[in-house]
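Please look at the chain as a whole before turning to single residues, and keep the picture in view while reading. The paragraphs below move between local detail and the overall form.

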Amino acid sequence: MRSVDGSKTWFDPIIGLQLRTPENGKRWHAQVYTEIGGVGVGSTFMWQVFPTIGVNLGKQASLEFGYRWLDIDYESGENTTLFKYDVLTQGPVLGFGFRF
């Protein structure tokens, strides 16, 4: 018999990289944020890619459009105590940025 527990906690070491276009007063800008982690310490493997394109609405505000992929593959236990979480979450992102 299997039972379901809705919670599990683990620790993942993660390294990330963010690349941005220079902020030199242009109306449009872009960036990509990416990270990888897990590598068997917590999850088996996790990765994320998050590119965005933005338009400046003024000196302090911007509108951001993007798409995000986040994949986590975690497994612990065996047989009746097996917990497996292998999920790719993805979708469009719309955001408002404010700099002060």
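Val 39 is exposed, because its relative accessible area is 58%, where exposed means over 50% relative accessible area, buried under 20%, and partly exposed in between, with a 1.4 Å probe and protein chains only. The model is predicted, so that local features need pLDDT of at least 70 and side-chain atom pairs count only at pLDDT 80 or more, while totals for chains, interfaces and linings use all residues. Residues are numbered from 1 along each chain as its sequence is written, and side-chain values use heavy atoms, with hydrogens and water left out.

Val 39 sits in the loop between strand E2 (28-37) and E3, strands being DSSP runs (E) of at least two residues, helices runs (H or I) of at least four, and both numbered from the N terminus. Most residues other than glycine have a negative phi.

Is Asn 56 buried or exposed? Asn 56 counts as buried because its relative accessibility is 17%, and this residue belongs to strand E3 (residues 45-56). When residues up to four places away in sequence are left aside, Asn 56 touches Lys 26, Arg 27, His 29, Ala 61, Ser 62 and Arg 99, a contact being heavy atoms within 4.5 Å. With Arg 99 there is also a polar contact between the two side chains, at 3.5 Å; such a contact is a pair of N or O atoms within 3.5 Å, where within protein one must be able to donate a hydrogen and the other to accept it, and residues adjacent in sequence count only if both atoms are side-chain atoms.

Among the contacts with a separation of 6 or more, 44% join residues 24 or more positions apart.
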